[in-house]
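Dear colleague,

I am passing on to you the structure we spoke about, and below it I have set out what was found in it. Please keep the view open beside this message while you read.

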Amino acid sequence: MKAVAVFPGTPDSIHLADLPEPQVDDVPEGRGVLVEVLRVGVDGTDKEINDAEYGAAPEGYDFLVTGHESFGRVLEVGTNVRDVEAGDYVVATVRRPGDSIYDRIGTSDMTTDETYRERGINLLHGYLTERYVDDAEFIVGVPAALSEVGVLLEPTSIVEKGIEQAYEIQRRLKVWRPARAAVVGAGTLGLLATLALRLRGLDVTTLARTEPPTLNSGLVEDLGARYLSTREVPLVEAAERHGPFDVVFEATDGRDPWHDEGRGGCRHGSDPGLHDPGYRGRRDHVDGTYSHDGRSTLHGSPGRPLRPPNARRVVEQAICYPRRVKGEPE
């Protein structure tokens, strides 16, 4: 079986590899789900792995199969699988439980383990292959009506977790009523964050370096948000015009810290959320949450386990903005 893989630690080593055919019985206790891969999202994480910035091969291999954003169709299930069956569309989660207390209670996205296992990223093969098998615990069913956008479920889970955590953290203020948000970055996560925040009724300003008009700037505006280039309007100036912002969602690659400038554009009592600080092997990151004025917070948000609420949000997005979610022109 063919797969796309890298030799971890060797830059630009992406190549076509061979893997043994997976079998549903590879997973013990009749919990296996064999999946035919239909689509895989390729993002900046995959580029960084191919650049040899991080990533490790599974035990017994000198290569790592890439691809962590998956979408596929079930081919076969084990005798003790009840939630999905052959023919169902599914998405698989990325991180696998470790040893921390957070892993043991089902929140592996909050793990405090120094070494973590993630499919297509670290110590586990990914989904950029023809077929894979995994435990039913890590398989999420997707309605057939969402087959065109199901591959977006994993990145949507990152956005949803970040926003959900912001709301949960700020709930301590009792009277926090967010009205305006800024999204920094207009790539895939930035667009999904713009969409999610608009669906919550917020006035959204999305900022990115590229000057409009572009495809992404048009997508932002079609969602009812405004697009600004930071080459023309810095974040603080954008806040003066369109803020102050109650939520700031950072959706860049994290290499050019905007935090000090970003806080300057925040309303007191706001939440500037970092979608992915230090995730995927980097250590120059924010752990947990801290307050810088007693009411405002900064928190990190690596991807969360995919659960039905995430799937419902994709449904909501697809219903409200069907062509926008698929990136199609009107």
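Is Glu 148 buried, partly exposed or exposed? Glu 148 counts as partly exposed, because its relative accessibility is 45%, and the range for that class runs between 20% and 50%. Please bear in mind throughout that this is a predicted model.

Salt bridges

Arg 39 is partly exposed, with a relative accessible area of 35%.

The structure holds 15 salt bridges, and a few others deserve a look. One of them brings together the side chains of Arg 171 and Glu 168, with 3.1 Å from N to O. Here Arg 171 is exposed, at a relative accessible area of 54%, whereas Glu 168 counts as partly exposed at 41% relative accessibility.

Another salt bridge is formed by Asp 203 and Arg 226, whose closest N and O atoms are 2.7 Å apart. This pair, too, links distant parts of the chain, with Asp 203 in strand β13 (residues 203–208) and Arg 226 in strand β14 (residues 226–229), 23 residues apart. Asp 203 counts as partly exposed at 31% relative accessibility, and Arg 226 is partly exposed as well, with a relative accessible area of 25%.

Aromatic pairs

The count of aromatic pairs comes to four. In one of them, the ring centres of Tyr 61 and Phe 63 are 5.3 Å apart and the planes stand at 75°, so the pair is edge-to-face. Tyr 61 is partly exposed, with a relative accessible area of 34%, whereas Phe 63 counts as buried at 11% relative accessibility.

Phe 71 and Tyr 89 form an aromatic pair that is stacked, with 5.4 Å from centre to centre and 15° between the planes. Because Phe 71 lies in strand β5 (residues 69–77) and Tyr 89 in strand β6 (residues 89–92), the pair ties together parts that are 18 residues apart in sequence. Phe 71 is buried, with a relative accessible area of 2%, and Tyr 89 also counts as buried, at 19% relative accessibility.

A sheet of three strands

If you now turn to β7, β8 and β9, you will find that these three strands form an open sheet in the order β7-β8-β9, with mixed pairing. The edges are taken by β7 (95–96) and β9 (123–124), each of which has a single partner strand, so one side of each is left without a neighbour in the sheet. Strands β8 and β9 run parallel and are joined by two bridges, and Glu 118 stands opposite Leu 123 in β9.

Helix α4

Which residues of helix α4 are buried? They are Leu 189, Gly 190, Leu 191, Leu 192, Ala 193, Thr 194, Leu 195, Ala 196, Leu 197 and Leu 199. Since ten of the twelve residues of α4 are buried, this helix is largely enclosed by the rest of the structure. Its length can be checked too: at 1.5 Å a residue, the twelve residues of α4 (residues 188–199) should span 16 Å, and the end C-alpha atoms are 17 Å apart, which agrees. Just after α4, Gly 201 takes a positive phi of about 90°.

A nonpolar patch on the surface

Finally, Ile 101, Tyr 102, Ile 105 and Met 110 form a nonpolar patch on the surface, and together they have about 370 Å² of accessible area. Of these residues, Met 110 lies in the loop between α2 (101–104) and β8 (117–119), and Met 110 is partly exposed, with a relative accessible area of 33%.

With kind regards

Key: Residues numbered from 1 in each chain as written. Predicted model: local features only at pLDDT ≥ 70, side-chain atom pairs only at ≥ 80, totals over all residues. Heavy atoms only, no water. Patch = residues over 30% accessible without salt bridge, like charges linked within 9 Å, V, L, I, M, F, W, Y side chains within 5 Å. Areas by Shrake-Rupley, 256 points an atom, 1.4 Å probe, with all protein chains shown as cover. Salt bridge = Lys/Arg side-chain N within 4 Å of Asp/Glu carboxyl O. Helix = DSSP H or I, 4+ residues; strand = E, 2+ residues; numbered from the N terminus. Buried < 20%, exposed > 50% of the residue type's maximum accessible area, 1.4 Å probe, protein only. Pairing = 2+ DSSP bridges. Expected span 1.5 Å × (residues − 1). Phe/Tyr/Trp six-rings, centres within 6.5 Å; stacked < 30°, edge-to-face > 60°.
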